[in-house]
Amino acid sequence: MGKVHVLDHPLIQHKLTLIRDKETGSKEFRELVEELALLMAYEVTRDLPLKEVEIETPVAKAKAKVISGKKLGVVPILRAGLGMVDGMLKLIPAAKVGHIGLYRDPETLEPVEYYCKLPYDVEERELIIIDPMLATGGSASAAIDFIKQRGAKSIKLVCLIAAPEGIARVEQDHPDVDIFAAAVDERLNELGYIVPGLGDAGDRLFGTK
Ligand code: PRP
Ligand code: URA
């Protein structure tokens with residue numbers, strides 16, 4: 001079973017509170033989502049393997065550590081996941097970026113795919129799927145399906161706010177995937193929105209609606 005990691009760092013919690021506030025406008029919302037993604041990248045990459053190398057400092061030869069193992073890939077779920085890409089890349093600039101276009105049908109709440117473009121060597125990479133909201137879990141589960149179909153074997157899911165329903169769905173469909181969230185909220189409302197959540201992440205990021 002994949003683990004659920006709730007990232008309780010004070011900076012993450014503080015910034016999360018600011019984006020929940022309905023008075024926070026799009027400019028500030030975008031900046032905060034980017035900062036949150038950067039802080040979460042730090043936690044999500046905590047288990048990356050290291051290897052020892054020999055270098056020469058201005059003073060002496062030294063054995064030192066560098067990251068080894070699989071290369072990374074970041075896969076935002078369009079559109080709201082785009083808001084987290086730059087923050088992630090600030091910490092892991094060598095990561096390749098794939099895109100998965102999905103929207104949630106407002107009636108059925110089922111995900112509808114409209115785009116998928118991934119790095120060609122996806123099976124050799126550790127992939128980090130990013131999306132601010134994990135609500136019913138339909139979008140995240142479908143996104144994981146797509147990238148598994150293309151050969152990916154190592155996948156993590158990073159979201160800002162998760163609903164218990166979304167966590168249960170991903171755990172059931174993809175027990176090999178670890179979930180990282182800044183908060184696990186109470187529930188979904190009748191429209192499938194996370195309560196208390198932050199509203200529609202895409203609309204708040206891009207100023208639509
Ligand atoms: C939002 C969000 C997730 C999805 C979560 O996207 O960014 O992708 O809903 O809901 P789920 O867990 O119930 O599938 P939305 O479908 O609103 O599309 P958008 O990003 O294009 O606005
Ligand atoms: N998608 C969002 O953007 N917000 C929610 O609360 C649920 C799904």
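The model is predicted, so to speak of local features pLDDT of at least 70 is needed, side-chain atom pairs count only at pLDDT 80 or more, and totals for chains, interfaces and linings use all residues. Residues are numbered from 1 along each chain as its sequence is written, chains are lettered from A and ligands numbered from 1 in the order in which they are written, and side-chain values use heavy atoms, with hydrogens and water left out.

- Helices (H or I, at least four residues) and strands (E, at least two) are DSSP runs, numbered from the N terminus.
- Two strands pair if DSSP finds at least two bridges between them.
- β10 pairs in the parallel sense with β8 (residues 125-130) over five bridges, and Ile-130 has Val-158 of β10 as its bridge partner.
- β9 and β10 run parallel and are joined by two bridges, with Met-133 standing opposite Ile-161 of β10.
- From β9 the chain passes through helix α4 (residues 138-149) to β10, in a right-handed β-α-β crossover.
- Right-handed here has a set meaning: with the strands pointing away from the viewer, the path from the first strand over the helix to the second runs clockwise.
- β10 also pairs with β11 (residues 178-184), again in the parallel sense, over six bridges; Lys-156 has Asp-178 of β11 as its bridge partner.
- Helix α5 (residues 164-173) sits in a right-handed β-α-β unit with β10 and β11.

- Leu-16 belongs to helix α1 (residues 10-20).
- Leaving aside residues up to four places away in sequence, Leu-16 touches Leu-36, Leu-160, Ile-161, Ala-182 and Ala-183, where contact means heavy atoms within 4.5 Å.
- Between Leu-16 and Ser-68 there are 52 residues in sequence and 32 Å in space, C-alpha to C-alpha.

**The cavity**

- On a 1 Å grid over the protein atoms alone, a cavity is a set of points where a 1.4 Å probe fits but cannot get out, a pocket is an open set with protein on both sides within 12 Å along at least five of seven lines, and lining residues have an atom within 4 Å of a point.
- Grid points are joined across faces, edges and corners, and a volume is the space filled by probe spheres set on the points.
- There is one cavity of 30 Å³ or more, and the largest cavity has a volume of about 30 Å³.
- Its lining consists of Ile-77, Asp-131, Met-133, Leu-134, Ala-140, Leu-157 and Cys-159.

- The largest pocket has a volume of about 650 Å³, and of its 29 lining residues the closest to its centre are Tyr-103, Arg-104, Ser-139, Asp-200 and Gly-202.
- Each of β4 (71-78), β6 (99-104), β9, α4 and α6 (201-206) supplies at least two residues of that lining.
- The second largest pocket has a volume of about 190 Å³, and its lining includes Leu-48, Ser-68, Lys-70 and Arg-125.

**Backbone details to look for**

- Most residues other than glycine have a negative phi, and most peptide bonds are trans.
- The peptide bond from Leu-78 to Arg-79 is cis, with omega near 0°; Arg-79 lies in the loop between β4 and α3 (85-91).
- Val-195 and Pro-196 are also joined by a cis peptide bond, with omega about 0°, and Pro-196 is in the loop between β13 (194-195) and α6.
- Leu-109 has a positive phi of about 65° although it is not a glycine, and lies in the loop between β6 and β7 (111-117).
- Lys-209, in the segment after α6, has a positive phi near 80° and counts as exposed because its relative accessibility is 88%.

Notes
Buried < 20%, exposed > 50% of the residue type's maximum accessible area, 1.4 Å probe, protein only.
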